[in-house]
Amino acid sequence: MRKLLVLSFFIVFLATCEQDDALKDCDEWITICSDTTMALDPSKANRKVLIIGIDGFRADAMQESVSPFMYGFAQNDDTYFTDQNHVQELTFSGPNWSSLCTGADFCKHTVTTNGFGGNSLDVFPHFFKYLEQARPQKNTVSVVNWTEINEDIASTFADYAPTESINDNEVFTIANNLLNQGSPLVPDVLFLQFDELDATGHDYGFSPDVVEYTDYIATLDGYIESLMSIINAKRLNGEDWLVCIISDHGGSGKSHGGKYDNPNVRHTIMYMNAPGVNFKQWYTSSQTDLAPTVLDYLGVESAEFNCKTDGISVIED
Ligand SMILES: [Zn+2]
């Protein structure tokens with residue numbers, strides 16, 4: 001019993017050390033973002049957003065022979081695409097999904113583990129918070145396989161963010177029901193996260209040369225093509241949609257944690273697609289750019305968010 005107690009103290013001590021270590025290169029951050037003014041662009045009030053998140057997407061595995069839809073989508077005139085989107089220095093899920101959702105660097109949201117202990121997500125919240133402040137009638141939805149995203153980042157602010165454990169195929173089915181039937185509600189902003197590519201990478205290897213890994217990308221490519229056909233039908237019906245495809249980190253060998261010096265881990269994909277919108281050219285995005293881009297597209301300008309974010313909108317002024 002005593003041994004166990006000593007051991008558990010030691011584990012807590014180790015975990016604390018790891019966190020202190022990660023934060024030691026962070027400049028001290030003082031929250032002085034007291035201006036909560038919002039400016040809304042009414043001409044963008046009806047716009048909608050679909051975010052497709054894929055865990056553990058190594059960028060060079062996105063190839064014409066593997067993922068023909070994503071390959072073509074990257075060449076589309078209405079698409080911003082980079083295969084060098086910068087991930088956070090802590091190259092695993094917790095810090096990166098947090099930066100994608102908050103627009104803030106891990107030094108600020110202080111998610112330094114996949115356990116989310118000691119985080120500052122109340123100070124650097126999910127971008128849903130600003131959308132709900134700006135237009136509370138809008139439906140913000142988050143459907144994820146890795147439930148930590150909803151439990152720790154999204155559920156406080158989202159209108160619908162289930163925390164039951166579901167697999168990727170269920171994420172896809174729920175997305176179809178939301179978009180096609182408006183069930184259980186009609187999403188204005190829909191965030192999806194698929195997790196099984198990461199698991200495949202850990203089991204077999206994150207590589208374009210690993211058939212299990214590329215086979216699963218092909219499965220996701222089918223999901224994305226199918227979701228895009230729904231969005232395109234809505235666009236033909238007069239709805240304006242921004243579609244983003246993002247990932248939290250790449251991978252190398254059978255892992256990705258602690259490999260920031262490896263470009264196959266440090267870089268991943270980022271897509272932004274919206275007809276008639278000009279995106280920045282020759283610009284390489286980072287995880288923190290997703291949230292400012294979404295808010296910009298939706299015509300929501302928050303002084304508080306702008307003060308806190310480390311990202312910029314990929315949309316050209
Ligand atoms: Zn991950």
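1. A residue counts as buried if 20 or more other C-beta atoms lie within 10 Å of its own. Keep that cut-off in mind for strand 2. The model is predicted. In strand 2, Lys48, Leu50, Ile52 and Ile54 point one way. Val49, Ile51 and Gly53 point the other way. Both sets are buried. In a regular strand the side chains alternate between the two faces of the sheet.

2. How many residues of strand 2 are buried? Seven of the seven are, so strand 2 is largely enclosed by the rest of the structure.

3. Now look at the sheet around it. Six strands form an open sheet, in the order 3-7-6-2-5-4. The pairing is mixed. Strand 3 (79-86) and strand 4 (140-144) are the edge strands, and each pairs on one side only. On average, neighbouring strands of this sheet are turned by 10° against each other, direction ignored.

4. Which strands pair with strand 2? Strand 6 is one partner: the two run in the parallel sense, over seven bridges. Here Ile51 has Cys244 of strand 6 as its bridge partner. Strand 5 is another partner, also parallel to strand 2, and six bridges join them. Here Ile52 has Leu192 of strand 5 as its bridge partner. Strands of a sheet pair through backbone hydrogen bonds, either parallel or antiparallel.

5. Strand 6 (residues 241-247) pairs with strand 7 (residues 267-273) in the antiparallel sense, over four bridges. Find Ile245 and look across: Tyr271 of strand 7 stands opposite.

6. Next, a helix against the sheet. Helix 7 (residues 168-181) lies across strand 4 and strand 5. Helix 7 runs at about 165° to strand 5.

7. Turn to helix 8 (residues 196-204). Its buried residues are Leu197, Asp198, Thr200 and Gly201. Why are they on the same side of helix 8? Because they cover an arc of only 160° around the axis. An α-helix has 3.6 residues a turn, so residues three or four places apart point the same way.

8. What do the buried residues of helix 8 pack against? They pack against strand 2 (48-54), strand 5 (189-194) and helix 9 (211-236). After helix 8 comes Gly205, with a positive phi near 120°.

9. Helix 9 also meets helix 2 (residues 68-75). Their axes come within 7 Å and cross at roughly 55°. The two helices are therefore oblique to each other. Pro68, Phe69 and Met70 of helix 2 make the contact with Asp221, Ile224 and Glu225 of helix 9. By type, these residues divide into four nonpolar, no polar and two charged.

10. Last, a single residue. Glu148 lies in helix 6 (residues 148-154). Is Glu148 buried or partly exposed? Glu148 has 19 C-beta neighbours inside 10 Å, so it counts as partly exposed. Being buried takes 20 or more. Leaving aside residues up to four places away in sequence, Glu148 touches Gly94, Asn114 and Phe116. Ser165 is 17 residues from Glu148 in sequence. In space, their C-alpha atoms are 9.9 Å apart.

Terms used:
Residues are numbered from 1 along each chain as its sequence is written. This is a predicted model: local features need pLDDT of at least 70, side-chain atom pairs count only at pLDDT 80 or more; totals for chains, interfaces and linings use all residues. A residue is buried if 20 or more other C-beta atoms lie within 10 Å of its own, exposed if 12 or fewer, and partly exposed in between; C-beta atoms are placed from the backbone. Two residues are in contact if their C-beta atoms, placed from the backbone, lie within 7 Å. The arc is that of the directions from the helix axis to the C-beta atoms. Axes are lines fitted to C-alpha atoms, for helices over the stretch in contact, and angles run from 0 to 180 degrees between N-to-C directions. Angles under 35 degrees count as roughly parallel, over 145 as roughly antiparallel, 65 to 115 as roughly perpendicular and the rest as oblique. Ala, Val, Leu, Ile, Met, Phe, Trp, Tyr, Cys and Pro count as nonpolar, Asp, Glu, Lys and Arg as charged, and the others, Gly among them, as polar. Two strands pair if DSSP finds at least two bridges between them.
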